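Dear colleague,

I am passing a structure on to you, with some notes on what was found in it. Please open it first and keep it beside you as you read.

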Amino acid sequence: MGIPLLICDDSNMARKQVARSLPTDWDVDITFATNGVEGLQAIKEGKGEITFLDLTMPEMDGYGVLEHVFSEGLNAMVIVISGDIQPEAHERVKKMGALEFIKKPINKEKLADVLNAYGLHQS
Amino acid sequence: MSVSLPLNEEQRDCLQELTNVAMGAAAESLAELTQSFVELPIPVIRCVASSDLVSSFDEIADNLPACVISQNCSVGDVFFRGLMIVGDESINNLANTTKRTLSSEGEHQQLLSELFDTVTKTCFEQLGDMFEIDVERQAAVVQACHILPELFDMNLIVKTPTTIAVEINYKTESNDFDCHLLLLFPDNIFKKLADQLDILLH
């Protein structure tokens, strides 16, 4: 069984872009969530050991998810993937415990660099 | 009156994601100008009768005096109009933040143009990058200043019966500034817009 990996984004196109950017030889078990509420539920169910999280979403945004993850001590390494590229947004999510921030639109190279940097996958 | 959106769900999602990324990039430029964190909501996409855009303006600016500035643009053969509505109060607050004086109408319009250019330059460059086509931009035109939005003549902007409007409301966190950026796609290019989105999707 692969590593539980969650892709949480309200955009179907963005979710597919992230999924297509994952290394093809990475053994992961992918779950998709379309808003923060669904994403948080998936994390609580153990489906988001590695979580790719958008910030701007309906129901609950990415900041809300991060608050719950870290206040409740949930098992999730969160990598934020967002179009909100303000340096302060970057700083805020890092302070809230996110591992890294990746600017949208994502691609294989950007994602591979982050996965390499944190030892999550060596390509 | 809201009109059925002439895009399928996949195309709508694609347009929303593209504008989300482009408008997000523009938020960074706006944050630099306003020296404040900019709250970034999800862009709203709707199709409306063009005559109803004015009633939207009332809601947008709380029907307080506002300025309207716009620019004709195209990405490939998809023509659209970028339009910003910003309340007089927000322009005054921006002038205070950036230590500018607004002692004449010319200075007021200059700051308005600078604001519009700051936001749209980044937004449209990012949009062009994603479409892999440069966005062509004509000169921006100040359409009206210090006008109650309900009195704005929409015929100056849109000449087709219906319009797809993509709208975002930027609000700063610390200095009481907000403005609305709209991308308006007239109904005579709906098919071309849908085709362009399909190219990106497939």
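This is a predicted model, in which local features need pLDDT of at least 70 and side-chain atom pairs count only at pLDDT 80 or more, while totals for chains, interfaces and linings use all residues. Residues are numbered from 1 along each chain as its sequence is written, chains are lettered from A and ligands numbered from 1 in the order in which they are written, and side-chain values use heavy atoms, with hydrogens and water left out.

I begin with the two chains. Contact here means heavy atoms within 4.5 Å, and 22 residues of chain B are in contact with 22 residues of chain A. The size of an interface is often given as the accessible area lost when the parts come together; buried area is that loss, taken with a 1.4 Å probe and summed over both parts. Chain B and chain A bury about 1600 Å² between them, with 56% of it on carbon and sulfur atoms.

Side chains of opposite charge can pair when their charged atoms come close. A salt bridge is a side-chain nitrogen of Lys or Arg within 4 Å of a carboxyl oxygen of Asp or Glu, and three of them are counted between chain B and chain A. In one salt bridge, the side chains of Glu173(B) and Arg92(A) meet at 2.6 Å, N to O.

Within chain B, Glu114(B) forms a salt bridge with Arg100(B), and their closest N and O atoms are 2.9 Å apart. This pair links distant parts of the chain, since Glu114(B) lies in helix 4 of chain B and Arg100(B) in the loop between helix 3 (88-97) and helix 4, 14 residues apart. Helices (H or I, at least four residues) and strands (E, at least two) are DSSP runs, numbered from the N terminus.

Helix 4 (residues 105-131) of chain B also packs against helix 1 (residues 9-34) of chain B, at an angle of about 145 degrees and with their axes 8 Å apart. Axes are lines fitted to C-alpha atoms, for helices over the stretch in contact, and angles run from 0 to 180 degrees between N-to-C directions. Among the residues that meet are Leu18(B) and Val21(B) in helix 1 and Leu115(B) and Thr118(B) in helix 4.

Finally, the backbone. Most residues other than glycine have a negative phi, and most peptide bonds are trans. Lys99(B), which is not a glycine, has a positive phi of about 55 degrees, and Lys99(B) is placed in the loop between helix 3 and helix 4 of chain B. The peptide bond from Lys104(A) to Pro105(A) is cis, with omega near -5 degrees, and Pro105(A) is found in the loop between strand 5 (100-103) and helix 5 (108-117) of chain A.

Note on methods. Buried area = accessible area lost by both parts, 1.4 Å probe.
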